[in-house]
Amino acid sequence: MTTDVGGQRALSTYRAAPFRPPACAGAVYPDAPGALRRALDRWLALPAGAPAAPPAPRGVVVAPHIDYARGAAGYAHAYRALEASRADLFVIFGTAHATPPRPFTLTRLDYGTPLGPVRTDRALVDALCGALGEDALLGDELCHRDEHSIELQAVVLAHRLRRPFTVLPVLCSAIGHLADPAAATAPFLDALARAVAGRSVCWVAGADLAHVGPRYGDARPPAPAELAALAAADRRTLRYVEAGDPAGFHRDAVRDGARRRLCGIAPIYAALRSAGAGARLLHYQQWTDGVDSVSFAAAAG
């Protein structure tokens, strides 16, 4: 993605920055620290009457990456489950909406937020690049600059965790077209497992689900009955998340992929595969404005 002169210049500028600047501050969320904390407290409050989320003892969490205002209940359930976590490393798998050619893309930069930088575990990045090659993991690094899927998780972690921690930001390209995602993802995920062996890790997937309506290529808005059918299909797929079955999850997520357009397949697959455990479904929601619809879920285990 960065073979042209302009791309190389942009990549050099990105890497020279003291941290990855927040792309969504002032738009998706307030850029002033006090206003941001107040807004996050409001967004992350569980809805009245909702049961408290159980802790995530095995350290795998699925959270939305839709904006906070629309996905508030999903974020609230997902991150309430992390309150008891003692992990000091959060591996954040986020959707790379730019769909870079390499399956996984890292960055050495900290993620800047209005609440202070979220520190990237550079030693871990170095170890992985040493195992797999700089170009394999950093060749598409510029994708981090404008991508929101990891940023929105980092901001919530900065707000929720008042203790030292680091993150490994991992952008995941599309795997929905792959018949055998295990073969394509094993080199990185196996190297990652070796590199973090013995550490206290939480695996976070920043992932939305179905995208339907004219904005996403459909000829018309979905009818109520179609939304109900899509919700049933989403819940069917999420049963594989609860079972801790990444292969089954991938197989079910892509079987009607042209209709549902799940954009969080790769992050959820990677988190399940890395954790070796399932995540209990805590919340499911379809957001719609009457024309387009996006679904998302919160799960933890």
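Two strands pair if DSSP finds at least two bridges between them. Strands are DSSP runs of E with at least two residues, helices are runs of H or I with at least four, and both are numbered from the N terminus.

This is a predicted model, in which local features need pLDDT of at least 70, side-chain atom pairs count only at pLDDT 80 or more, and totals for chains, interfaces and linings use all residues. Residues are numbered from 1 along each chain as its sequence is written, and side-chain values use heavy atoms, with hydrogens and water left out.

Strand β8 covers residues 293-300. Eight of its eight residues are buried, so the strand is largely enclosed by the rest of the structure. Buried means under 20% relative accessible area, with exposed over 50% and partly exposed in between (1.4 Å probe, protein chains only).

In a regular strand the side chains alternate between the two faces of the sheet. Ser293, Ser295, Ala297 and Ala299 point one way from β8. Val294, Phe296, Ala298 and Ala300 point the other way.

| Strand | Residues | Bridges to β8 | Sense | A bridge partner pair |
|---|---|---|---|---|
| β1 | 60-63 | two | antiparallel | Val62 and Ala299 |
| β7 | 280-288 | eight | antiparallel | Leu281 and Ala299 |

Strands β7 and β8 form a hairpin with four residues between the strands. Gly290 takes a positive phi there, near 90°.

**Nonpolar cores**

In soluble globular proteins, nonpolar side chains tend to be buried together. A nonpolar core here is a set of buried Ala, Val, Leu, Ile, Met, Phe, Trp, Tyr and Cys residues joined through side-chain atoms within 4.5 Å. The largest such core has 45 residues. Phe93, Phe188 and Leu192 have the most contacts inside it. Helix α12 (residues 265-275) gives the most to this core, with seven residues. A second, separate core has 40 residues, among them Tyr29, Tyr68, Ala158 and Val204.

**One cavity**

The structure holds one cavity of 30 Å³ or more. On a 1 Å grid over the protein atoms alone, a cavity is a set of points where a 1.4 Å probe fits but cannot get out, and lining residues have an atom within 4 Å of a point. The volume is the space filled by probe spheres set on the points, which are joined across faces, edges and corners. For the largest cavity this is about 30 Å³. Its lining includes Pro103, Phe104, Cys172 and Ala266.

Note on methods. On a 1 Å grid over the protein atoms alone, a cavity is a set of points where a 1.4 Å probe fits but cannot get out, and a pocket is an open set with protein on both sides within 12 Å along at least five of seven lines; lining residues have an atom within 4 Å of a point.
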